[in-house]
Amino acid sequence: MGSLSALRRGSLFTVVLLFSLLALLLLVILAIADYVLQASAFPGAFAIVVGLAFLFILVQWLISPAIVRWAIRSRRLITAESNAWVYQTVVELARLSGVPTPKIWESGDSSPNAFVFGRTVSSAELVVTQGLLENLNQDEIRAVLAHEIGHLRHRDVIIMTLMSAVPLIAYVIARMGFEALRGNVRVRGKGGGQALVIIIVSAIVSYAIYLVAQLLVLYLSRTREYYADAYSGAVTRDPHLLASALTKISYGLSLARPDSEPSGLRAFMIGDPVKASEDYRELQDKMNRYDLDRDGQIDAYELQQAIQQEKKSHWRRANELFSTHPPTYKRILVLEEMEEEIKKGGLPPNIYKFV
């Protein structure tokens, strides 16, 4: 995976590349308009359009936390009084990580999940769902919280907030062009044909740049997840805990330690059967497929079988390319490798250089 400095260099390179793509998009559109219309207004117009684009990014950066906060269903503020354990765990992890303690919310969502958002590290907010608190044990929850604090330590939350605006700008321009064409836009006068050419070419170029920019943002998102996983494993000193949490979130089953005996006594239920949804049915199907001995957890053999089935998916590579997160089985394998390294020699003194 490389050192933490490799993540920062990669993030910086991606940022430069994305802004270069944005500049190229605006440059091409203005060059097309300038050439077709022969307006000779290129330098001044380019400066204005670039300024508008950066204004758009700034506005998104400013208002996105409010939008995310508004979208959190049935949110409740977690304090030392309302949930002392979660609050103190986040405070402790933030202190160990050298970042300010984020504001903590509990969402009423029944699916197990957690995420962080914010304009800056100091103003960041952390959200845990009700499903996470109900379906994971305290060790697994602490590992998930450490993963989210890892995002703050790496400062990738701010980068993702800014970078997600670049493909959005390209998509908006492309969509406006295609909608204008689909609506049989009428351009009258001598320059009607020229305007139509500008719309068509601009829409095509914008959509192409949107696809490339979106792939870059998704790649950066997947990379940061691996680093946050590794950080969780390092700060908890037990990567198995996050691997178990990921397994439970994705497969509806806890992950047995390699040297543990199958219990055969624990039955696992996720969510409320009354609240049946597509996600719940899919998770239930995975539980039935992967829990071969029906003991409520997935052991080493069952995990291997699950991984093999995930690998066989014909759409796996395409899905991975367009996903914000790496496949769960890959993340589990990386965490298992980290656990084996810890068992052999422990964590090196300079571990935080790498995670």
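Predicted model: local features only at pLDDT ≥ 70, side-chain atom pairs only at ≥ 80, totals over all residues.
**Entry 1: Ser-97.** I located Ser-97 in helix H3, which spans residues 84-97. I then checked its accessibility: the relative value is 10%, so I count Ser-97 as buried, the cut-off being under 20%. Leaving aside residues up to four places away in sequence, I listed its contacts as Ile-149, Arg-153 and Tyr-231. With Tyr-231 I noted a polar contact between the two side chains, at 2.2 Å.

**Entry 2: H3 against H5.** I next examined helix H5, residues 138-154. Two packed helices are described by the angle between their axes and the distance between the axes. I found that the axes of H3 and H5 come within 10 Å and cross at roughly 40 degrees; the two helices are therefore oblique to each other. I recorded the crossing of H3 past H5 as right-handed. On the H3 side, the residues that meet H5 include Trp-85, Leu-93 and Ser-97. Their counterparts in H5 include Leu-145, Ile-149 and Arg-153.

**Entry 3: the sheet.** I traced an open sheet of four strands with mixed pairing, in the order E1-E2-E4-E3. Strands E1 (76-77) and E3 (114-117) are its edges, each pairing on one side only. I looked up how E3 is joined to E4 (residues 125-129): the two run antiparallel and share four bridges.

Note on methods: Residues numbered from 1 in each chain as written. Heavy atoms only, no water. Buried < 20%, exposed > 50% of the residue type's maximum accessible area, 1.4 Å probe, protein only. Polar contact = N/O pair within 3.5 Å; in protein donor to acceptor, adjacent residues only side chain to side chain. Contact = heavy atoms within 4.5 Å. Pairing = 2+ DSSP bridges. Axes fitted to C-alpha atoms, helices over the stretch in contact; angles between N-to-C directions. Parallel < 35°, antiparallel > 145°, perpendicular 65-115°, else oblique. Left-handed = near helix turned anticlockwise from the far one by under 90°.
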